[in-house]
Every structure is written in C-alpha cells, then in structure tokens.
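Subject: Structure handover

Hello,

Here is the structure you asked for, with the sequence alongside. My notes on what turned up in it follow below.

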Amino acid sequence: MISSESDTIAAISTPLGEGGIGIIRLSGSEAISIVSKIFHSLRGINLSDVKTHTIHYGFIIDPATGEKIDEVLVTVMRAPHTYTREDVVEINCHAGFITLKRVLDLVIEYGARLAEPGEFTKRAFLGGRIDLSQAESVIDLIRAKTEQAQKIALEHLSGRLSQKINELRDSLMMVCAHVEAYIDFPEEEIDGMTAEEIIGEISRIKNEIKYLIDGYEEGKIYREGLTTAIVGKPNVGKSSLLNALLMKDRAIVTEIPGTTRDIIEEYVNIKGMPLKIVDTAGIRQAHDLVEAEGIKRTLRAVEVAELVLLVLDSSRPINSLDEEIINRISGKKVIVVINKKDIKNKEFQLPESLEDKPMVEISALTGEGIEELKELIFNTTITGRYAQEGLVVTKLRHKQALDKALDALNNAINSFKENEPIEITAMFLRDGLSFLGQIVGAVTTEEILDLIFSEFCIGK
Ligand code: GDP
C-alpha cells in the first residue's frame, strides 16, 4: 500500500500532440515544493505559501541555467480535497511535445518520479477517495463510445454499483453473524432468525446478484460495442449500407495500432448502443477483390461477429453466391437486410431458410428503412432496461466475482438445508462476502490492482 509519505509522481496528463494547453500533473507530499523550485512568478509568489485550490501565473525556469522554458498557469491543490487525496499541482503549459517533455524532465530532476499507467487513479483508490469499481469506471468514462455508455460509466464513478454491492455485503454480513452466533452458542436458536428466515434472506441476496449478472451481457455491449459483420455478395450494397449507417451516427473511428488498414473498425451509435462494425476496409474494397478473397474475408468477419447483417439485393433473384454465404453464417445471430427496395424485382424471393429471421427492407441509397433497421438491431439485442435503471455491470471482472458469489450462496443454502455442520454454511457465506468484496476492492491483492491499473494510460 502506498502511504501518505510515498514518493511524488508526475506525468503529462493531456494527450500528446499540438494543442492549446498541455498539463503536467504532480501528486504527492513533495508536489508543491518541487514545482516551487522551478516556478517563477513575476509577483514573487512562493507556491508553498499559497492557499489551496488557487491558480498562479508565471514561468517555468530551469534553475541550473536560468533558461525560461514556458509561460504557465500553476494550480495548487492541497490534500485532502484532491483527485488523489494527496497534494496535487497541475502545470498548464503550452501543449507542444518538446515543452511538455522539458517541464516533465525538470520536475523529475527535482524529485518527482514518472507515474505509472493509472497511478493517479490508483492513489485515489488507495487514499480511500473512491473504491475499486469506481476507479475502474474512470477508464470506461475516458473510452466511452456513446453518450449512453458514458452515462453508465459516470453512474459507476459516482458509486451506484458500489452502493448496491455494499448493501448486499451488509445484508450478507448480518446473515453471517446470525449463523456464526449459532456456532458459538449451538444450544440456542439461531439468534432471532429462524431457519426459513435465513434461507429467505440468502435467497433474496442471490436474486439481486442474479439480476446484476443478467445485466452484464448488455453492460458489456454498452462498454465494448456489439461486434457486427456486414456480409453479402459483391454489389448488394454493403458499402452503401455502411455509409448510410455512419452518415448521421458515426461514433468513433479507431485504427488499431500495429495492424494494417484491413481491420479498421468503426462504431455506429444505435440508440446509445455502440455497434462495432468489423472489416470496414474489406467492405469498401469488395469490388476490387476476387471472389475467393471476398468469401475469405466474409468468413473472417463472420467468425468474430456477435451479429451478422446479411445484405441481399432485391433487384435481382437470389443466386448460388447468396446461398453459399447464407450457408456460411448458419448458427450466427443474423438480421436479414433486404436492400434496394426502390428497385425491387418481382423475381426476388427470400430463401426459405431465412424466413424465421428478423428482417427489414431498406434502400441504402435513399435511406428508406435505415431507422427501422436500427430499431430492429437494438430490439433484438438489448432490453435497454438495465441501462435505464442505471445499474448495469459492464466489466468481466465484476461479473466473474458475482458468479462466484452466487455459487457460494447456493452452496451455503444447500449445506444449510442438508443440515451439514453449521460451520460449513458459515464458510460459504464468508466466501460469498469475500467475492462481493473483490468488486469494490474491500478484499484485494496487489496483483489485481496491477492488472486493473495497467489498462490505464499514463497521466490518468
Ligand atoms: P457492395 O459491393 O455490397 O459494397 O455494394 P455497394 O454499396 O458498393 O453498392 C453497389 C451498387 O449498388 C452501387 O452502385 C450502389 O449505388 C448501388 N446501391 C446500393 N444500395 C442501393 C439501393 O438501395 N438502391 C439502389 N437503387 N441502388 C443501390
């Protein structure tokens, strides 16, 4: 654990690149004294004497050479009302990389250490300002791809999930206390709680846990997006459909570092749910591809997809190439998109194997049916109920802990019903408590922490 007299950390907390302002952030007991060594105010202000939460104009000057490095505004925030609960200083520089790097080098030379990824947030957790699930939501807030996803992350950051988990822990603790009292004083009835009441209370807690687990599939979609492949033979209108979907509601464009343009992903915002369209490059290049290559790409996209949008061209009859693609996507969740409604041909007939699939007729060219398609995608994927209630589990780590807690409570009930030694029931209840505790970080290990915070960027 990092104590209050731990070292002072520093990092560039704004994205690298040209911009109006770039911020160097420091946190720790030496933060103010380090910056005061390199900060020069025209009015002779000494940062060590200023009030907390105040901003000061001046220059960063290299004390060794007297060279002016940048004109800055310095914010001084004293513990405990800060992000980390330690003293925090932020230096607002001009955002050129060289400037930021030189100022960072200086604060490090004068006693700060370069922060590890997520270390500011980790300190906020270790300092007790936020719990673990709140700390984890910071990264979700940063990476949110739709407003709805951002809202969910913010709910978590403000402690909505933590509060629920803590309520469940309190209830379970009560049951545990009653059961353990019975171990200590076996001749008495279980301290005011009948066997039925104990089972009833454990079952109630179990149901609440189950509700949280059930919401995870939706929560995950909000957080990560639903991986979607748009497939169909050449010229059916895949690329037109992609454009129509992206036209109003492009959420974000990401190029995964270190990969070719091949695997570009784009996100479409479907009523707040991010749809992650895979292989958009493949869709756009489809005309240039030989047939075999087209099929190969389709298969690759289908393999990773959680949802397949199968595009058919209603201006001509279905042919063997359509049939082949239809065969290849069997077993996947499919929405049939019948395109080119505006020039539909009488000869077009939907293959029997698709008759029970959700489908919609559209014209990617005129935009007709696009809204219906979006409704269909949303309604066949998500209830929206969990997000609306503001309590949705989005992280695998949390879901796994809930699964284990549920198992433990099932075991507790079974052992209790089967009259096994009461110690066994108590042990299972303790397990349940401990798994719930992992979510909020009441029970944690350095290993878990490292894993969680390594996901963050430096400076956060
Ligand atoms: P892809 O090969 O499946 O990506 O197909 P494209 O999106 O490139 O479309 C092939 C051709 O069909 C283009 O000339 C499009 O303008 C045209 N097209 C796409 N959708 C429609 C539509 O709904 N109606 C009409 N009339 N033409 C369309």
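The largest pocket

The lining of the largest pocket is made up of 11 nonpolar, one polar and 10 charged residues. Please keep in mind throughout that this is a predicted model. The volume of the largest pocket comes to about 420 Å³. Its lining has 22 residues, and those closest to the centre are Ile 139, Asp 140, Arg 223, Lys 395 and Glu 455. Five helices each give at least two residues to this lining: α4 (132-143), α5 (147-157), α7 (195-224), α14 (396-417) and α16.

Helix packing

Begin with α14 and α15, whose axes lie 8 Å apart at an angle of about 165°. Angles over 145 degrees count as roughly antiparallel, and α14 and α15 are therefore roughly antiparallel to each other. Their crossing is left-handed. On the α14 side, the contact is made by Arg 397, His 398, Ala 401, Leu 402, Lys 404, Ala 405, Ala 408, Leu 409, Asn 411, Ala 412, Ser 415 and Phe 416. On the α15 side, the residues are Ile 422, Ile 424, Thr 425, Phe 428, Leu 429, Asp 431, Gly 432, Phe 435, Leu 436, Gln 438 and Ile 439. Sorted by class, this contact between α14 and α15 has 14 nonpolar, six polar and three charged residues.

Helix α15 (residues 422-440) also meets α4; the axes of these two come within 5 Å and cross at roughly 40°. That angle makes α4 oblique to α15. Leu 132, Ser 133 and Glu 136 are the residues in α4 that meet α15, and their counterparts in α15 are Gln 438, Ile 439 and Val 440. The contact of α4 with α15 has three nonpolar, two polar and one charged residues. Gln 438 and Ile 439 are therefore listed in the α15 side of the contact with α14 as well as in the contact with α4, given that contact means heavy atoms within 4.5 Å.

The crossing of α3 and α16 is right-handed. From α3, Thr 121, Lys 122, Phe 125 and Leu 126 take part in the contact, and from α16, Glu 446, Leu 449, Asp 450 and Phe 453. By class, the contact of α3 with α16 has four nonpolar, one polar and three charged residues.

The cavity

How many cavities of 30 Å³ or more does a search of the whole structure find? The search finds one. The volume of the largest cavity is about 30 Å³. Ile 295, Thr 298, Leu 299, Val 302, Ile 325, Arg 328 and Ile 329 line the largest cavity. Both α10 (291-304) and α11 (320-328) supply at least two residues of that lining, and the largest share, four residues, comes from α10. By class, the lining of the largest cavity divides into five nonpolar, one polar and one charged.

Backbone points

Most residues other than glycine have a negative phi, and most peptide bonds are trans. Two places depart from this. The peptide bond that joins Ala 79 and Pro 80 is cis, with omega about 5°. Pro 80 is in the loop between β5 (68-77) and β6 (88-94). Lys 271, a residue other than glycine, has a positive phi, near 45°. Lys 271 is in the loop between β10 (265-270) and β11 (273-277).

Regards

Conventions. Residues numbered from 1 in each chain as written. Predicted model: local features only at pLDDT ≥ 70, side-chain atom pairs only at ≥ 80, totals over all residues. Heavy atoms only, no water. Left-handed = near helix turned anticlockwise from the far one by under 90°. Nonpolar A, V, L, I, M, F, W, Y, C, P; charged D, E, K, R; others polar. 1 Å grid on protein atoms, 1.4 Å probe; cavity = no way out; pocket = protein on both sides within 12 Å on 5 of 7 lines; lining within 4 Å. Points joined across faces, edges and corners; volume = space filled by probe spheres on them. Axes fitted to C-alpha atoms, helices over the stretch in contact; angles between N-to-C directions. Parallel < 35°, antiparallel > 145°, perpendicular 65-115°, else oblique.
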